[in-house]
Each structure stands twice: as C-alpha cells, then as structure tokens.
Amino acid sequence: MAMLSANFSSSSFSFVPSRRFQTHKETASVTRVRKDSIFSKVSLRTASIEHLDRQTLTDANTRLRRLCEAGDLNSVVKLLRVSGKRDIDPRTLCSVLQLCADTRSLKDGKEVDSFIRRNGFEIDSNMGSKLALMYTNCGDLREARRVFDQVEIEKALFWNILMNELAKAGDFSGSIELFEKMMGSAVVMDSYTFSCVSKSFSSLRSVDGGEQLHGYVLKLGFGECNSVANSLLAFYLRNQRVGSARKVFDEITERDVISWNSMINGYVSNGLTEQGLYMFVEMFCSGMEFDLATVVSVFAGCADSCLVSLGRAVHGIGLKACMCREDRFCNTLLDMYSKCGDLDSAKAVFAEMSDRSVVSYTSMIAGYAREGLAGEAVKLFAEMEEEGISPDVYTVTAVLSSCARNRLLEEGKRVHEWIKENDMGFDIFLSNALMDMYAKCGSMQEAELVFSEMPVRDIISWNTIIGGYSKNCYANEALSLFNLLLEEKRFVPDERTVVCVLPACASLSAFDKGREIHGYIMRNRYFSDRHVANSLVDMYAKCGALLLARLLFDEISSKDLVSWTVMIAGYGMHGFGKEAIALFNQKRQAGIEPDEISFVSVLYACSHSGLVDEGWRFFNIMRHECKIEPTLEHYACIVDMLARTGDLLKAYRFIEDMPIPPDATIWGALLCGCRIHHDVKLAEKVAERVFELEPENTGYYVLMANIYAEAEKWEEVKRLRKRIGQRGLRKNPGCSWIEIKGRVNIFVAGDSSHPETENIEALLRRVRARMREEGYSPLTKYALIDAEEMEKEEALCGHSEKLAMALGILTSGHGKIIRVTKNLRVCGDCHEMAKFMSKLTGREIVLRDSNRFHHFKDGHCSCRGFW
C-alpha cells in the first residue's frame, strides 16, 4: 500500500519545470519519474484484474454448485456454455457430471465432457470416475469403457458399477474383461466386485472361469463374506454343480436367508427336489426366519414331487406370516395345488384371490388341462376375457393343450380364431401349440395349413408336424417331410425328430429307411437317449427284424418300463409267446412292475401263440397280485385267445359276463374266431352285435361277407354287399407292398401295372405247377367269388401279397430276406403258397399282415396256425 501511495503522489502532484528551463540532468530525472509512473499504473491495473478474476471464479463455481444442489441441470449447462476455463474449478465439473449421471441426461453429459476436453482440463482419477459414472448411468457403456481405458480410476465402486451394467446389458464378456483389467491395476477390490463378476461367469456357463474366480476369492480372504459366498452359490447351482455349491454352503460360518434360499431353490431347479425340501426342514428347525422367496421355492418343490401334504403345511405357515397378500405367494400356491391334482384347493385359493392376474388364470387353466377338464379350461379362458384380463402366450398354450388332450377340435378352432383376431398368429410358440392340437385331434389338413403359413419355423415345428403325420397314420407324408428337413439343411434333426419319424418307418415296414435313420442316430450319438433307443427297437420289431430289435434292446444300459414292453410286444406280434413270457418274468425280477400296457402285450403274445393257460394266469396276476382292473383291451385279448383256439362258446359266455359293456373290438375278435373255425351260425349272432355298435365300419361287413363266401352262401354275400351299398360304405381295398432298393412297390389284387408283371405272373404259374406236382391243391374258397374253380384259381394268383412276394424273389439280392406288408389279414391260400415258396427258393419270407408277423422258412411258418 505504501508503494502504491508513493507512486500515486509522485505521479499526481509533482511539479515539472518548463522544458526550456530544464537542464540535461533535470531532463533525465524527469524521464525516470515518468517511467516509474507508467510501471506503477500497469502494476495497479494487473493487481485489480487478478482480484476481479478470483472474485469471478468464486461466483461462477458457487452458482454452479448451488444449481447442482437444486437439480437444475438446464441452468447449469447454460451457465457452463458462457464460462471459460479460468471460471470453472475441476471439483465443480465433478458435481455437474454427477448431476448428469443422476438425471441420466446423456446429451448434457456429453456437452460437459466436450467442455472438459476442449478447455484442456486434466482428467484425474476423481473426474474420470465421474465421467465413467455419467456414461454408465446414461447407458453409453462403450464411452464409459473408453474412459476406463484412458484414465486410471482408483475407486472400486466405479469399476463395480460398470461391470454390473455391462452384465445387465448382456455383455458378460465385457464385464469379465473389465474385471481382468481391474486385477492388473492397483485398485483394491471389495465384496461387491466378486458378486458382480460371478454373475457374468454364471451367465456364460463358464465353469472354469467361475472356479478360478472362487480360488481368487479365497486367496484374497473374501471366502467368509456372505455376499460373495452367496454369489458363488448362485454360480455353481446355475451350472448344475450342486456338489460344489453344497461345499460353499457348508463353509459359510454365518448363513443368512439368501444362503438357505439359494440352496433350496438350487436343489429344486436341478431336479433334486427331495434334497431341497429336506434343506427347508433343516432351515426351519435351525430357527432361521424365512421369507417369500423361501416359500415360493418350497411350493415349486412340492409341485414337482406331488407332496401336497407338505405344501399344505407351508401354506398354513405362510398364512400366519401374512404372505397371502402377496400375488407371488398366491400364484405359486395355486400352481402347486393344481400340479398336485388337488383342484378343490386350487379353486379355493383362486376364489379367495382379490387381485387375479394372467398368471393366476394360466395356472388354473393348466390345472384343468392336466386333469382332463377341458370344458372348465375353455370356460375359464372365456371368463378371463370377460374380466378384462388379456391372455398371454402361456395362457393360450395351456388352453390349446387342454383341447389337444381331450380331442376337442371345435373348441380348439375357436381358440385359433381368437388368436387370429388378436394378431398372435405369428408367434412361433403358439403356432407349434396349434399344430400339436390339430394333430392330436386328427385334423392334419389344418395342422399342415398352420405349418405352411409359419413365417419362421424351428426344429420343434418340424418335429410336431412329422410326429402328427406319424401318429395319424400318414407315414408317407411323415417320411417325405423328414427328407425335406434333411434337404433344406436349416435345422439339424434332434433326438425328438427321430423319435417322431421312426414310427412312420415302422408303420410302412420301411426297413431300409429305418436302417438309414439308425445310422444317423449312431453318427450323432443319439442312442443314449432312452426314447430314441426304445423307438429304434420298436421300429425293427415292426419291420420284421426281431433279432436286430433284441440286440439293440440288450444294448440299452438303463431299461425302463417302455423298453421292456416294446420288446415283449415285439415277441408277441411275431408269435414267440414263450420268449415274451420269459422276458415279462425277467422284467419283474429286475424290479420293474408291469402296468396296464405291459399286460396287454403279454396277453397279446399268449393269444397269438395259443398259450391259453398262461394267458389266464397273467390275467389273474394282473387282477389279484397287481390290483389292476382289466380294461376293454385286456378283455379283447382274452376273447381273441379263446376264439383263436376254437373255444368260441366260452369266449361268447366270457363276453356276456364282463363287468363292463363290450365294445365292437371285443365282438370283432370273436367274429374273427368264427371265420377261422367256420362257425357261420355264431358269426351271424355276433355280427348283429357288431353292426349295432359300429354301423359305419365297413371292415365288419366285409368280414361277415367273407365268412359267407368261404361257406359258399352266395345269396347271403349278395345281401350283405347290397347292405354295404345302401349305406354308402366303401370297402378298404386290400394291398401289399415291398421295399426294394429304397423304392416302395405297391400292389393291389389283380394288379398288372407293374413293369415286372409278366415275370411275376410267370413265376407264380411255375410255383403253382410245382405245388400241384407235390400234391398241393389251391384253397379256392379264399377266392371269395361265385365262379368256376379255374376262375377262382386265377383270382387267387392275383392276390396282392403273392405279387409282392414274387417281385421280391425276382429282384432282391440272393439270400436277402424278403419283407412284405399287407394292410389286411393274409388269406389261407397265400399263406400256403408263401410256405411253399420259402421251401422252393430257399429264401426267408417275412410277411406282416394286419394281425401279426409270419416268418416263412423251409416250408414252415412261425405262426403255427394261430393267425
């Protein structure tokens, strides 16, 4: 101040003489004074500016910080735009970035970032942390990662936040990469770091990476931290490493409710329901308080294991804890009761719910569907719409499943119309469910239409349509679609695909195609799937390759009830009753108890082998030892067994004494027996019962007409044929087919369209001539026509199975088994000729008709007359 005063006084009040009176010395002195005066003014001006700058800097930062505290980001950005570098303190910029992060304003945040870089601010760890946080909160994770790559951020909090956000965005690899970068830095990690990154390892199913993380956790001493241990539990359980999860759980010194919930839910979701429920009991006994998540997991476990009693007990505990107000509690409780088959309790829970959601309705509809109450399911679906609750994909799928189970085609069509009206028709999940519904209702035309209109298909779509064709006896269409799937090469057929297509091969006796699929199964290692193995055994058995079927059966390491039943049925249809019985007994010795279908298979085997005493024994074992009530199928097997052995009156009395009303199949079995043993009088009596039950079934009229024809009662044949014509019924024409070099050759009676017809007819004439030479006479009664003997013989030569067998002998390789399939029962004359042909040519002939297999070899047949 003294200096300023001196300068001020000398410059303002000094007397300067006139120039002309100044000496040289005086002039120099005056010059020095003026210089001092000028420099004094400059110093004064500089000091004043510095004082003003400090005041301006303080004012701008104060205003910005106050605006940040008020959350007025718009004013903050406006003020920042008119400010320069000298006006703003870096700490103020950190506050502005924090506000941008809190408000998730990416646009303003980028403007602040631009201001920082444009003005050359040094981005230290603190400012870099705020920049990274802003970009992370605003969702620009790429820019956030760029900041981390450019700035050394020291606080673990910001690393954790970005790792967590990357994981949330599905960039699990990016989250792990950031963790690895963090490991190489000097940043001190905390428990949240490991919790964040373990989720990424879990989502990527990276077991090795997760195990390495576990080791790193133990190395840094975080093993006893609950949050870290719980995240490791979640990782191991999600990757089906239940044993490793249990070790982590056992090492936790102070478990919390999250630890217990993780283990209970992990056991249940990994199919170890019983262990999960035991752990809940252990938790309960330990005094640990449980929460809603615990109860939800327990309900899921009870539903999976059908432990409705435990579920009911937990229901009571939940009510005491006032959880009944929670929607999640009510929905899982409802689902548990419905899956356990306790629909009354499910309905009670549903009725008490004040706020029903789409989940509530879906659980209830699915419960009705499982119990076969399709009408109730459809009714609830309609009620749901009336209540203004929009069904979702899962709801509609549940309704379609109900319609499919109960073959309610009309109701299913109405649901389909609703799907179209609500623009849900292009959902692949629903399209697959629609195809399944139509297929199970037998409407393959509609199923094919849905399939053709699908803009996008998956392998489930293909499996559904192929399986639908197979189950509805459209075997050719199923095989054609399977071939198309292979040609398109867009999807790889999986285990389910081959399970769907193998029955088509079995239906057509397409042995060569079945072998191709067998090769595909072995190349892709699908045989370990038990469903595939069972289907393959069934296919070979139904294609006549019983030895191959047995070899594959023996290779199944873990046989289930289906495996045994398929092989027993295979022996039965080939007439090997004793082998079927031996296998049935072996199954029981292995600890696998038979069910209704198993008994149908063994009774069928007894019937087709003439084992009457054994058949009765198994029928009684089923009723008295296994406590299984006979169904119509079991009664039909007994009637068939008695009828084939000629005990027709006993069979008739057995039907009369049945505790349940007999259907047309049972009476039809007796009618077949009447034909075999030529009992026309009883046949007439039985036929009237059959015609009453199934008046539109042409097959029974034809069977009765054949009985009359074999007895040469031609007037009765005419009367029946007239009756068939009056009813507008059409006879299913008999046909036979044989597969040669991958091509299926089909024949009908009297067929002359095949290129090899001349050679076929010549061969049959030669065989017939040799038969005459050896004393065989044509069984002309099987010609079923009223004509001269010569005409009857000619008609017999034109039977479709003879034509197919002849083609097989002419064109198949030497020594190769001839496999022929017929859609009707083989006639007696064809049966005799097949025996003779096998002896004459030294070839084995396998003929499958509508009843069973006939293995012809060296002049003998495996049926031994029981056909």
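The side chains of D342 and S345 are joined by a polar contact of 2.7 Å; a polar contact is a pair of N or O atoms within 3.5 Å, where, within protein, one must be able to donate a hydrogen and the other to accept it, and residues adjacent in sequence count only if both atoms are side-chain atoms. The structure is a predicted model, in which local features need pLDDT of at least 70 and side-chain atom pairs count only at pLDDT 80 or more, while totals for chains, interfaces and linings use all residues. Residues are numbered from 1 along each chain as its sequence is written, and side-chain values use heavy atoms, with hydrogens and water left out.

D342 sits in the loop between helix 18 (327-339) and helix 19 (343-352). Helices here are DSSP runs (H or I, at least four residues), numbered from the N terminus. With a relative accessibility of 15%, D342 counts as buried; buried means under 20% relative accessible area, exposed means over 50%, and partly exposed lies in between (1.4 Å probe, protein chains only). Leaving aside residues up to four places away in sequence, D342 touches V308, R312 and Y337, contact being heavy atoms within 4.5 Å.

At the start of helix 26, a side-chain oxygen of D458 comes to within 3.2 Å of the backbone nitrogen of I460. After helix 26 comes C473, with a positive phi near 65°.

Most residues other than glycine have a negative phi. R407, however, has a phi near 55°, a positive value in a residue other than glycine. R407 is located in the loop between helix 22 (393-405) and helix 23 (409-421) and is exposed, at 60% relative accessibility. Another case is R525, whose phi is positive and near 60°. R525 belongs to the loop between helix 29 and helix 30 (530-542), and with a relative accessible area of 72% it is exposed.

Charged side chains come next. Side chains of opposite charge can pair when their charged atoms come close. A salt bridge is a side-chain nitrogen of Lys or Arg within 4 Å of a carboxyl oxygen of Asp or Glu, and by this rule there are 34 salt bridges. One of them joins K168 and E165, at 3.7 Å from N to O. Both residues belong to helix 8 (residues 156-168), where K168 and E165 are three residues apart, about one turn of the helix. K168 is exposed, with a relative accessible area of 62%, whereas E165 is partly exposed at 23%.

Why are K513 and E516 separated by about one helical turn? The reason is that K513 and E516 are three residues apart in helix 29 (residues 511-523). An α-helix has 3.6 residues a turn, so residues three or four places apart point the same way. The closest N and O atoms in the salt bridge between K513 and E516 are 3.4 Å apart. K513 is buried, with a relative accessible area of 15%.

Helix 31 (residues 546-555) holds a further pair, D554 and R550, which are four residues apart and so separated by about one helical turn. The side chains of D554 and R550 form a salt bridge of 3.0 Å, N to O. D554 is partly exposed at 44%, and R550 is partly exposed at 22%. Elsewhere, salt bridges link D113, R117, E143 and R146 in a network.

Helix 31 is also the place of L551, which is partly exposed at 48% relative accessibility. L547, L548 and L551 form a nonpolar patch on the surface, with about 290 Å² of accessible area together. Patches are made of residues with over 30% relative accessible area and no salt bridge, like charges being joined within 9 Å and nonpolar side chains (Val, Leu, Ile, Met, Phe, Trp, Tyr) within 5 Å. Accessible areas come from the Shrake-Rupley method with a 1.4 Å probe, and for residues only the protein chains shown count as cover.

How values were computed: Helix = DSSP H or I, 4+ residues; strand = E, 2+ residues; numbered from the N terminus.
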